[in-house]
Amino acid sequence: MIITVLGVFLLLILLLAFYGIAIYNKLVRLRNMVREGFSSIDVMLKKRHDLIPNLVETVKGYATHERATLDSVTQARAKAMGANTMQEKEAAETELSNAMMRLNAVAEQYPNLKADANFRELQGELSNLEGDIEKARRYYNGTVRDYNITVESFPSSIVANMGNFQKEQFFELENTAERATPKVQF
């Protein structure tokens, strides 16, 4: 009788240990998926940062008196490249998106620029890249959601606290295109 109770108790402890290990491994897998997702966004943002100077140079040839707009894009790009934390990246990328909207508004004022093959190609690449960034951001935010749910849910929250797993932050860029239309004045 004592052996049976002891056996059941040991079996229960063994099952709890295996369950804890399974939760821990799930948390590790989800955390790595979050890191992978952020790395993908980072790669896309670097491509975007590399493409922007070419676009600015092309616009410079046509819109030389739009110096303030060109400078704001250059400064926003530098700030975005220097951002390290998630919050800094979000703020800097939002500012860069706003500057790029103003640059596109300037480009609309120059028919010769819009007809320039190099400008059209660069604008097409940038447009494709923006779509890729959006997809990478959706993947990242989805993995963050799954990870955060696991970190906060019971009983996995117990293992998460013991393993020092912390909630992750979503990557949210403000969608400024829908909120305001830039004004270009000469």
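**Helix packing, loops and a buried side chain**

Author: We may begin with a crossing of helices: H1 passes H3 in a left-handed crossing. Please keep in mind throughout that the model is predicted.

Reader: How is the packing of two helices described in general, and at what angle do H1 and H3 pack?

Author: Two packed helices are described by the angle between their axes and the distance separating those axes. Here, helix H1 (residues 2-62) and helix H3 (residues 86-108) pack at about 30°, and their axes are 12 Å apart. Angles under 35 degrees count as roughly parallel, so H1 is roughly parallel to H3.

Reader: Which residues in H1 and H3 meet?

Author: H1 contributes Phe38, Asp42, Leu45, Arg48, His49, Ile52, Leu55, Val56 and Val59. From H3 come Met86, Lys89, Glu93, Leu96, Ser97, Met100 and Leu103. Sorted by class, this contact of H1 with H3 comprises ten nonpolar, two polar and four charged residues.

Reader: What does UniProt list for residues 6-25?

Author: The unreviewed UniProt entry lists these residues under "transmembrane region". An annotation of this kind may be inferred rather than shown by experiment. In the model, the chain over residues 6-25 is 100% helix and 0% strand, with its end C-alpha atoms 28 Å apart.

Reader: Let us turn to the backbone. Where is the cis peptide bond?

Author: The cis peptide bond joins Phe154 and Pro155, with omega at about 5°. Pro155 is placed in the loop between helix H5 (117-152) and helix H6 (156-162).

Reader: What is the phi of Asn164, and is this residue buried or exposed?

Author: Asn164 has a positive phi of about 60°, although it is not a glycine. Asn164 lies in the segment after H6. For exposure the cut-off is a relative accessible area over 50%; Asn164 has 55% and is therefore exposed.

Reader: Is Phe165 buried or exposed?

Author: Buried means under 20% relative accessible area, and Phe165, at 2% relative accessibility, therefore counts as buried. Phe165 also lies in the segment after H6.

Reader: With which residues is Phe165 in contact, leaving aside its neighbours within four places in sequence?

Author: With those neighbours set aside, Phe165 touches Tyr24, Leu27, Val28, Arg31, Tyr147, Val151, Val159 and Ala160. As for Glu152, it and Phe165 are 13 residues apart in sequence, and their C-alpha atoms are 9.9 Å apart in space.

Terms used. Residues numbered from 1 in each chain as written. Predicted model: local features only at pLDDT ≥ 70, side-chain atom pairs only at ≥ 80, totals over all residues. Heavy atoms only, no water. Axes fitted to C-alpha atoms, helices over the stretch in contact; angles between N-to-C directions. Helix = DSSP H or I, 4+ residues; strand = E, 2+ residues; numbered from the N terminus. Parallel < 35°, antiparallel > 145°, perpendicular 65-115°, else oblique. Left-handed = near helix turned anticlockwise from the far one by under 90°. Contact = heavy atoms within 4.5 Å. Nonpolar A, V, L, I, M, F, W, Y, C, P; charged D, E, K, R; others polar. Buried < 20%, exposed > 50% of the residue type's maximum accessible area, 1.4 Å probe, protein only.
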